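Please look at the sequence and the structure before reading on.

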There are 2 protein chains.
Amino acid sequence: MRASNYLFSTLRDAPTDAVVTSHQLMIRAGMIRQISKGLYTWLPTGLKVFRKIENIVREEMEKAGSLEVIMPSVQPSELWEESGRWQKYGPELLRMKDRHGRDYCLGPTHEEVITDLARNELSSYKQLPMNFFQIQTKFRDEIRPRFGVMRSREFCMKDAYSFHISEESLQETYDVMHKAYCNVFDRIGLDYRPVLADTGSIGGAYSHEFHVLADSGEDDIAFSDSSDFAANVELAEAVCLKEEADQPNQELEEVFTPNCKTIPEVAEFLKLDVTSTVKTMLVKGQDADEKDTIVALVLRGDHTINELKVEKLDGILSPFEFANESDILEQIGCAPGSIGPKGLKEKGIRVIADRTAATMSDFCAGANKDDYHYTGLNWQRDGIDHDIADLRNVVEGDPSPDGKGTIVIKRGIEVGHIFQLGKQYAEALNATVLDENGKAQVMQMGCYGIGVSRIVASAIEQNFDEKGIVWPESIAPFDLAIIAMNYDKSEAVREECERLYSELTAQGLDVLLDDRKERPGVKFADCELLGIPHRLVVGDKGLAKDQLEYKSRKAGENQDIARADAVEFIVNAKK
Amino acid sequence: MRASNYLFSTLRDAPTDAVVTSHQLMIRAGMIRQISKGLYTWLPTGLKVFRKIENIVREEMEKAGSLEVIMPSVQPSELWEESGRWQKYGPELLRMKDRHGRDYCLGPTHEEVITDLARNELSSYKQLPMNFFQIQTKFRDEIRPRFGVMRSREFCMKDAYSFHISEESLQETYDVMHKAYCNVFDRIGLDYRPVLADTGSIGGAYSHEFHVLADSGEDDIAFSDSSDFAANVELAEAVCLKEEADQPNQELEEVFTPNCKTIPEVAEFLKLDVTSTVKTMLVKGQDADEKDTIVALVLRGDHTINELKVEKLDGILSPFEFANESDILEQIGCAPGSIGPKGLKEKGIRVIADRTAATMSDFCAGANKDDYHYTGLNWQRDGIDHDIADLRNVVEGDPSPDGKGTIVIKRGIEVGHIFQLGKQYAEALNATVLDENGKAQVMQMGCYGIGVSRIVASAIEQNFDEKGIVWPESIAPFDLAIIAMNYDKSEAVREECERLYSELTAQGLDVLLDDRKERPGVKFADCELLGIPHRLVVGDKGLAKDQLEYKSRKAGENQDIARADAVEFIVNAKK
């Protein structure tokens, strides 16, 4: 591509509404333009990156045995009525009427359409497993579109759907797709984690999210520094930090802690480390007879409660709710700041200790009496009856629950999601095949999404510096920029540029020849802003010594190379 | 691709609502499925063809210097208000409201969006010419979607838009795009014609349609059998069939022609050939003072009037309208069946003769008296004052207006359209750049469309037989089918199939290995229905003689080839 025929549209400044780096840089580098809230045009530079990602995704889907299809964007309401989502789906589903007054929506996802296809086209278990994918523009009418293409209304997704006669077959394809997703992100060259996820509203049993790690991410990901373990912080198992409790060493003592209402206040007042205190929280529960109760949860003073984990415990209300202060006062006789595990059982309150709290000894806890705490408290010695469960959020430094390495927590951007949907949609739409015995069986189903446009943004969040984008080689808009000094005036420069351009293009490289009548500073800045991985400068001064100037966008040091070696040098540098 | 992992979805019969061949075959070959009126899912076989066409289109657009972009499908009403089309565009424009109640439409075309982009991103004549294209799903809410993807509501178009500082630059890019379109259809291997077209409602000055010739086409195309000349029948120039009139040979005679009201009746009654008669039609006109008049149009008896041409003549009402019978009776004194050119001038009626009619001699015409005609009439000798113009439709056998060859008329399917829009949209949206003198100039604009999904259907209309589709090599879903006989039972067959599959795939061929447990008849029928250009049958009987059976979908004769030569044979056959 010759720069003189290309649309740069680079900007010195980003618009003020662009708050995340990728949004700012995509505007500044001339990759996208907004035409209406959350609706973007992809300019040539943006689309080149987009297409490279799309091709990697397509290749890996085909390798995984998925068959490409394209389903309509506009979907009839009838199918959504069958699945029950016409009513359930919120205003993100853009509904509309055609000229005959029939109801349609603009597809945010295609479970209904593909299940309809499957029930019509698949009739026998012999055709299974079957896996379809499409790469397509979706629409989700976000209430507040933001962060550029990261949360736009129109976006491009690769969505895949698989159909199976059994759970085992679903698991097999799920594993193949898990691997294919890893291949996609490995090939692009991103730092990512497949994360065990909550299945959320889409339903189904088992799911992984794929997160690109970046500070601007909206999710906290806990992962091991030495293994594949990764999970959303809310879902990561918090292991016990100590194998068993030490023997008691201190006497139990009730101490006066005036006006100390929080753990830090108590610890400071008693000159204790917070890790030798516990906090006790009272939440609403139900007993076996469905009578309302209060349940006490005990955590080490520095740990935080994980509501998702708590909700899943027997005898605890879901959604999670703290007990009323008036009920606490009535049943225990003190304010929440002075609650502790000792003596609660006797008041009819069940105690559940977090795994780590349960292995503490000689700890400090509320004395269930305003302005008093215990020190030197011990579970067994002091007769505190309790259950044990995982109640807390993991923190950095925790051992990884798979026994390998230590937990690190970083922010992640979700760019992929794979689900085992089970029979949910197939049952609703009665999508069956005949099994080996000639009996109709509802199919098992998996679904698998990758946000193609979102990958572009997340790759930038992970790869930029103060000058602009620093693309991974695999998805850079151009492999190389040849920057011509005085292209219009120097015949020697022109000739050398043309030679390099044609020889490097013939080597399969995507080359930008900057032949514009612009100052060198403008050309260098554009090249760096666009994040082109390799750069050759061709000028009369260098040519006089048979030299060109090379610079890698990543390494950043200028380097003189001999004209004769240039093509080979670049081809090797690109590898 | 192994057939056992593939979705065939072939059908013996097409649904009854599929009336054109391509629609029937696309359903039967498992290429598309309708999910709602005019909304189709592209199944794997259909999409493979689609992608091959898409790739050819993209490559040729890039070669032509067009830059790929993607604009949103959902477009804000504001831009359409600016161009005036929000009101003007009919119900084909699907309008909708987002969750905040703002008006949007689902884009059937992108003149407004691209012009908005151009006015924002282009500021100087130095950036021009600039040419953008996108390959994208469009929506047109057709009142009666039909013919499968030929006239569906969702369809894929390549649309391109170019911007220029001058008409000359627009013409240059227009010519480049004209050539690029020819390259696309040449590479696909279709019989097509670029046809000089009427610009219709989209406006603009100059335009060509690209038509694939096929009996099911909706337009009549007149083209030369020996040159590039082609035009819509309505627009094709009809040349004069004779250089000049012969000398009069017969006496002028008024003959009694009782009850002869039509040319065939008169010719039969007088035992004349219709080509020696003329028909005279009276149409509404206006004189220089805008007073209503009647104008007489004279054509050879076998020719038909072309209303588009007539409307464009000075002094004729547009839209075209025949004179009232009562006015004729009043002004001339006879019924329309007896009108002729002689004597009209004297009654204040202007006479315009078609070019060919004007070179006739000794002809027969109405005598302006009920039940009487003249024979032996001659324009000059008999003092018939007249103008001459092109009034008629071309017919097969006419000389081509470019002087090369003879006109042939065939039906065509419009698959592409290129326009010189001029300043229409740029003016409405005030899209200007600074010219050499620093003055703001409204840009000139061209637009260029190709119906990617429609090409799939039109290629079938041109390439099928009673067994199914006969794809051109360039866009076949697979290059070759290897049909295994007893794949599951014969190890020799399996081994040979696998060898061929891996060696031919390595040669870059797109191979379908039919390893299904199906009867040979089923496999042969699917292979022919899908239109796979080359077929190899691998069976124990042949293998015993080291032979394979080859068949070309086009040539159709079985042919034994030696195993050892098979790969080379296929690679050559594919060329």
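**Strand pairing in chain B**

B:Pro76 has B:Tyr104 of β6(B) as its bridge partner. The model is predicted: local features need pLDDT of at least 70, side-chain atom pairs count only at pLDDT 80 or more, and totals for chains, interfaces and linings use all residues. Residues are numbered from 1 along each chain as its sequence is written, chains are lettered from A and ligands numbered from 1 in the order in which they are written, and side-chain values use heavy atoms, with hydrogens and water left out.

**The sheet that contains β6(B)**

- Helices (H or I, at least four residues) and strands (E, at least two) are DSSP runs, numbered from the N terminus, and two strands pair if DSSP finds at least two bridges between them.
- In chain B, an open sheet is formed by three strands in the order β4-β6-β5, with antiparallel pairing.
- Its edge strands are β4 (74-76) and β5 (94-97) of chain B, each of which pairs on one side only.
- From one strand to the next, the twist averages 35 degrees; axes are lines fitted to C-alpha atoms, for helices over the stretch in contact, and angles run from 0 to 180 degrees between N-to-C directions.
- β4(B) is joined to strand β6 (residues 103-106) of chain B by three bridges, and the two run antiparallel.
- Strands of a sheet pair through backbone hydrogen bonds, either parallel or antiparallel.

**Other strand pairs and a helix of chain B**

- Strand β9 (residues 192-196) of chain B is mostly covered, as four of its five residues are buried (buried means under 20% relative accessible area, exposed over 50%, partly exposed in between, with a 1.4 Å probe and protein chains only).
- Five bridges pair β9(B) with strand β10 (residues 206-213) of chain B in the antiparallel sense, and B:Phe210 in β10(B) is the bridge partner of B:Pro194.
- Strands β29 (residues 547-552) and β30 (residues 558-562) of chain B run antiparallel and are joined by five bridges; B:Gln547 stands opposite B:Ala562 in β30(B).
- β29(B) and β30(B) form a hairpin with five residues between them, and B:Gly556 in the turn has a positive phi of about 90 degrees.
- Helix α5 (residues 111-121) of chain B is mostly covered, with nine of its eleven residues buried; among them are B:Val113, B:Ile114 and B:Leu117.

**Residues in loops**

- B:Asn393 lies in the loop between β19 (387-389) and β20 (407-422) of chain B and is buried, with a relative accessible area of 16%.
- The side chains of B:Asn393 and B:Asn306 are joined by a polar contact of 2.9 Å (a pair of N or O atoms within 3.5 Å; within protein, one must be able to donate a hydrogen and the other to accept it, and residues adjacent in sequence count only if both atoms are side-chain atoms).
- Neighbours within four places in sequence aside, B:Asn393 is in contact (heavy atoms within 4.5 Å) with B:Val233, B:Glu234, B:Thr304, B:Ile305 and B:Asn306.
- A:Arg553 is found in the loop between β29 (547-552) and β30 (558-562) of chain A and is buried, with a relative accessible area of 10%.
- A polar atom of the side chain of A:Arg553 lies 3.0 Å from the backbone oxygen of A:Glu528.
- A:Gly65, in the loop between α2 (44-63) and β3 (67-68) of chain A, is partly exposed, with a relative accessible area of 41%.
- A:Gly65 and A:Met130 are 65 residues apart in sequence, and their C-alpha atoms are 8.6 Å apart in space.

**Cysteines**

- A disulfide is a pair of cysteine sulfur atoms within 2.5 Å, and by this rule the count over all chains is zero.
- The sulfur of A:Cys364 is too far for a bond, because the closest cysteine sulfur, in A:Cys260, is 9.3 Å away.
- A:Cys527 is in no disulfide, and the nearest cysteine sulfur, that of A:Cys497, is 13 Å away.
- A:Cys364 is buried, with a relative accessible area of 1%, and A:Cys527 is buried, with a relative accessible area of 5%.

**How the two chains are related**

- Chain B is superposed on chain A by a rotation of 179 degrees with 0.1 Å of shift along its axis (RMSD 0.3 Å); the superposition is by least squares on the C-alpha atoms of residues with pLDDT of at least 70 in both copies.
- The two copies are therefore related as by a two-fold rotation axis.
- The C-alpha of chain B nearest the axis is that of B:Met96, 2.8 Å from it.
- The same surface serves both copies, as 100% of the contact residues of chain B recur in chain A.
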